[in-house]
There are 2 protein chains.
Amino acid sequence: MAKAAQTAIKPTRSEDYPEWYQQVIKAADLAENSPVRGCMVIKPWGYSLWENMQRALDDMFKATGHSNAYFPLLIPMSYLEKEAEHVEGFAKECAVVTHHRLEPDPNGGLRPAGKLEEPLIIRPTSETIIGATYAKWVQSYRDLPILINQWANVMRWEMRTRMFLRTAEFLWQEGHTVHATSQEAIEETERMVNVYADFAENWMAMPVIIGSKTPAERFPGAIETLSIEAMMQDRKALQAGTSHFLGQNFSKAQEIVFQAENGEREFAWTTSWGVSTRLVGALIMTHSDDDGFVLPPRLAPTQIVILPIYRDQSQRAEVIEYVESLRKELSEQTYAGSSVRIEIDDRDMRGGEKKWYHVKRGVPIRVEVGPKDIEKNAVFVGRRDQAKSFGISRSEFVTSIDKILTEMQQSLFDRALELREKNTVEITNEKDFRDFFTPKNEDQPEVHGGFANCFFSSEEQLDSLLKELKVTIRCIPRDADEQTGTCFLTGEKTTQKAIFAKAY
Amino acid sequence: MAKAAQTAIKPTRSEDYPEWYQQVIKAADLAENSPVRGCMVIKPWGYSLWENMQRALDDMFKATGHSNAYFPLLIPMSYLEKEAEHVEGFAKECAVVTHHRLEPDPNGGLRPAGKLEEPLIIRPTSETIIGATYAKWVQSYRDLPILINQWANVMRWEMRTRMFLRTAEFLWQEGHTVHATSQEAIEETERMVNVYADFAENWMAMPVIIGSKTPAERFPGAIETLSIEAMMQDRKALQAGTSHFLGQNFSKAQEIVFQAENGEREFAWTTSWGVSTRLVGALIMTHSDDDGFVLPPRLAPTQIVILPIYRDQSQRAEVIEYVESLRKELSEQTYAGSSVRIEIDDRDMRGGEKKWYHVKRGVPIRVEVGPKDIEKNAVFVGRRDQAKSFGISRSEFVTSIDKILTEMQQSLFDRALELREKNTVEITNEKDFRDFFTPKNEDQPEVHGGFANCFFSSEEQLDSLLKELKVTIRCIPRDADEQTGTCFLTGEKTTQKAIFAKAY
């Protein structure tokens with residue numbers, strides 16, 4: 001192995017990708033594990049990124065006619081039982097509230113007391129409790145559609161957790177809509193997966209594939225699940241958002257019934273759709289490098305950090321005055337329709353340490369300003385997506401800031417798309433399929449091919465092979481032309497074609 | 001009793017205040033009780049009001065140097081035991097998670113399974129879990145202060161609940177800060193209660209009194225609790241926000257220790273402060289009337305609703321074109337630093353019904369536009385704070401919108417302040433005190449005097465009298481001059497003077 005260059009993150013991606021991921025989170029100060037099993041603390045830098053994601057998504061939800069509301073955290077156990085597939089999907093990982101107070105334990109400490117008549121579940125998702133409420137709201141077709149979103153915390157008692165990607169508690173939004181017709185509900189399902197794709201590509205700079213899930217991979221209780229799938233830098237897939245057409249399954253379980261225009265009583269058609277703090281994990285794994293986090297400019301809490309450089313207090317006054325005026329001038333610039341977000345970091349800290357602090361946190365642009373730069377009316381600029389820094393005149397920098405940020409956002413997207421395209425192949429037989437998903441190097445058991453596009457005739461037939469290789473069907477891409485081919489396993493003729501990958 | 005005028009809300013405030021409150025919430029479509037005991041559903045109109053409150057408060061927190069973060073929902077039971085007063089205060093109303101999955105019950109249905117080694121509590125407040133995290137973050141005085149806020153749901157298993165005012169689950173923000181010195185922490189405690197007072201008075205148009213709580217009324221574990229207290233229209237007090245100086249109590253329980261500049265290891269000084277969805281209840285009870293909700297313009301999700309009036313489709317085109325251009329013109333106006341928020345309601349509904357829909361929801365300004373108004377280039381305006389509507393030229397309306405909204409915001413504040421001043425008295429003896437707090441009318445057991453300013457020498461001595469009359473000490477006002485007087489109960493000389501009231 002060639003001698004590694006100095007990097008801020010140890011291990012590097014090629015040395016140990018899963019551990020690199022944890023170290024990026026630590027170095028960027030995004031989150032940490034909490035004393036509560038499987039739950040994390042989202043630290044201010046990580047949370048401000050989530051806030052930016054929330055704001056952008058919330059604006060998109062409102063622009064597509066949705067309002068926010070809030071429903072209870074706790075769900076009566078009996079509600080979960082009403083939809084058979086749904087309970088099957090969630091009963092195994094529920095946090096159950098059984099008591100409503102604590103009392104002194106005769107052996108010391110406290111013990112639960114006040115047993116509830118019916119146990120309550122901390123919501124793993126809210127179809128059941130929201131559906132029960134909608135059943136009361138809906139009487140007539142005039143009450144439809146209902147277009148509501150909720151920002152909330154949910155809990156799934158996962159056995160193996162990983163920060164942002166899979167945690168027992170996570171933050172998310174869940175849209176829940178009710179419609180008078182099947183077609184309207186299907187249109188809503190598609191509208192929202194398109195919103196997610198738009199957000200992923202244009203805000204996160206993360207290329208995604210929109211597709212439908214095969215029956216085994218659908219949301220428990222859904223007729224159809226649409227998802228957006230992205231390729232991470234280790235070539236594994238990450239499902240970044242899902243939108244479910246629930247048909248009349250939940251409205252039948254919960255009696256969401258309305259009087260149609262023709263006077264008939266009909267079951268309503270429902271959808272649900274969600275994205276979560278998992279997107280932060282997706283963002284980390286799409287763009288970060290061996291020096292830490294890399295933030296796409298549109299979502300960066302700070303887009304430009306200015307680092308004043310001076311030797312002593314006499315120089316300080318002049319430098320601070322200069323950077324304050326630079327900040328003011330920059331803040332009057334806009335990028336992607338908003339004022340540019342700038343921070344001056346004048347903490348008492350060694351220059352190198354301070355620079356690396358911001359590199360590791362992924363701030364897109366660092367600007368160093370010292371007395372010599374002021375003399376030349378110039379600034380020294382470091383771009384997070386390039387290794388080399390460069391000097392530039394102050395005025396040129398200020399007027400080109402929108403251009404620089406736009407270019408950075410695009411270059412992150414292009415790089416991620418290139419990775420995906422380079423690692424996506426068409427596979428037509430079992431041998432190539434096995435080969436593609438078999439790691440070549442014992443030290444790197446995770447490294448494999450990437451995305452395989454394959455014709456297949458039946459999901460059931462593939463089951464044992466996919467389990468053996470730890471591969472899943474990610475989706476049947478939306479935009480694929482109707483084609484005929486032969487199943488890579490059986491050679492049968494088929495029109496079904498899907499993306500296969502290892503996945504988070 | 002005189003014959004009541006027609007009102008949209010039955011009963012009226014004077015007939016049955018508590019029931020009037022519930023009916024306003026229903027008529028304004030703010031919230032409803034959920035199937036889960038003590039938990040409510042916050043409906044879109046109520047939630048959009050909460051979103052506006054959140055945004056204004058969040059900006060104020062950020063302007064005072066705070067960042068948001070997120071900590072776990074669940075707290076290990078043992079954490080609660082560490083601070084003795086704290087556990088005393090919260091153990092009796094905790095939702096306790098004891099299991100992590102559900103399994104089929106041999107008798108049918110499901111039952112809890114997977115018993116946890118240690119029960120987990122749904123946070124009633126987060127001092128313990130956040131403090132345990134801060135203990136890891138704080139090493140040196142250089143790590144201080146920590147200035148963090150969290151927007152979250154919390155749960156307190158209250159026996160008697162009332163929508164917004166007291167619910168088992170509620171939404172709130174909780175600030176948690178850590179400081180190197182007592183003085184800094186006290187300054188923070190005061191800064192934040194001032195932020196709350198600013199928000200209450202300038203956004204909610206709700207006058208408040210800032211004061212400190214007496215020992216019996218403090219937050220469990222606090223050295224000092226500052227609060228803002230408001231008078232509702234039934235003359236009861238409502239505590240609308242609290243800010244706690246926790247001294248070193250929690251840092252000792254949780255070992256938040258830092259190395260000071262002089263090298264000594266010291267316990268840190270902490271604060272916490274919060275407001276909740278209770279503010280929505282406060283807003284309802286401060287301004288609403290017998291026709292429904294009244295929203296202060298600064299917080300109204302919709303500030304102006306335009307109601308197009310037409311007889312048939314041929315008129316419709318002209319009217320809609322006119323109101324669209326009016327909307328555009330109005331949206332270019334600003335009020336209190338933001339664009340005016342306008343809605344056009346063109347639903348197919350009878351005119352009277354539609355008007356009352358918006359009256360009951362508290363929209364500050366209704367504008368009716370029909371063909372005759374268009375002919376005169378005028379609009380017909382109804383202000384929610386006035387009974388009578390008036391015609392006004394379009395251009396005058398547009399240019400005076402900022403003035404009208406400013407005037408409405410002020411008039412709501414003035415009216416609330418007048419109510420408080422009219423119902424606040426100085427009381428110097430027990431007889432007058434008893435008289436003031438004794439209802440005069442059997443039909444109206446809640447109607448009593450209001451706020452009583454009284455000198456008192458000891459909280460303990462008053463205990464039985466206050467319990468008998470269901471009166472509490474609200475606060476020792478901040479801005480009171482140092483005075484000497486005599487205790488209204490014992491006649492002893494004292495400098496302690498507080499506000500006494502019945503309270504929510």
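This is a predicted model: local features need pLDDT of at least 70, side-chain atom pairs count only at pLDDT 80 or more; totals for chains, interfaces and linings use all residues.
Which residue stands opposite Ile473(B) in strand 27 of chain B? The residue is Phe500(B).

Residues are numbered from 1 along each chain as its sequence is written, chains are lettered from A in the order in which they are written, and side-chain values use heavy atoms, without hydrogens and water.

## The sheet in chain B

Strands here are DSSP runs (E, at least two residues), and helices are DSSP runs too (H or I, at least four residues); both are numbered from the N terminus. Two strands pair if DSSP finds at least two bridges between them.

Chain B holds an open sheet of 11 strands. The order is 3-7-8-14-11-10-9-24-27-23-22, and the pairing is mixed. Strand 3 (67-68) and strand 22 (424-426) of chain B stand at the edges. Each has a single partner strand, so one side of each is left without a neighbour in the sheet.

Some of the strand pairs can be followed residue by residue. Strand 24 of chain B pairs with strand 27 (residues 497-501) of chain B through 3 bridges, running antiparallel. Ile473(B) and Phe500(B) face each other there. Strand 24 (residues 472-477) of chain B is also joined to strand 9 (residues 209-212) of chain B, by 2 bridges and again antiparallel. Ser212(B) has Ile476(B) as its bridge partner in strand 24 of chain B. Strand 10 (residues 224-231) and strand 11 (residues 237-247) of chain B run antiparallel and share 8 bridges. Glu224(B) is placed opposite Phe245(B) in strand 11 of chain B.

## Chain A against chain B

Contact means heavy atoms within 4.5 Å. By that rule, 62 residues of chain A touch 62 residues of chain B. Buried area is the accessible area (1.4 Å probe) that two parts lose on being put together, summed over both. The two chains bury about 4900 Å² between them, and carbon and sulfur atoms carry 68% of it.

Polar links also cross this interface. A polar contact is a pair of N or O atoms within 3.5 Å; within protein, one must be able to donate a hydrogen and the other to accept it, and residues adjacent in sequence count only if both atoms are side-chain atoms. Chain A and chain B have 28 residue pairs in polar contact (both at pLDDT 80 or more). Strand 6 (residues 110-122) of chain A gives the largest share of the chain A side, 8 residues. By class, that side has 39 nonpolar, 10 polar and 13 charged residues. Ala, Val, Leu, Ile, Met, Phe, Trp, Tyr, Cys and Pro count as nonpolar, Asp, Glu, Lys and Arg as charged, and the others, Gly among them, as polar.

There are 4 salt bridges between the chains. A salt bridge is a side-chain nitrogen of Lys or Arg within 4 Å of a carboxyl oxygen of Asp or Glu.

| Salt bridge | N to O distance |
|---|---|
| Glu32(A) and Lys136(B) | 3.6 Å |
| Asp29(A) and Arg361(A) | 3.7 Å |

Strand 5 (residues 96-104) of chain A and strand 5 (residues 96-104) of chain B pair antiparallel over 3 bridges. His99(A) has Val96(B) as its bridge partner.

## Domains of chain A

Chain A is assigned domain 1 (17-287), domain 2 (304-404) and domain 3 (424-501). The bounds come from an automatic or database domain assignment. The C-alpha centres of domain 1 and domain 2 of chain A lie 40 Å apart. Their contact takes 5 residues from domain 1 and 4 residues from domain 2.

The area buried between these two domains of chain A is about 460 Å², with 51% from carbon and sulfur atoms. Ala27(A), Ala28(A) and Trp45(A) supply 76% of what domain 1 buries against domain 2, more than any other three residues. The rule finds 1 salt bridge across this interface.

## Backbone notes

Most residues other than glycine have a negative phi, and most peptide bonds are trans. The Leu144(A) to Pro145(A) bond is cis, with omega near -5°. Pro145(A) sits in the loop between helix 5 (127-137) and strand 7 (146-155) of chain A. In chain B, the Leu144(B) to Pro145(B) bond is cis, with omega near -5°. Ala336(B) has a positive phi, near 50°. This residue lies in the loop between strand 16 (334-335) and strand 17 (338-339) of chain B.
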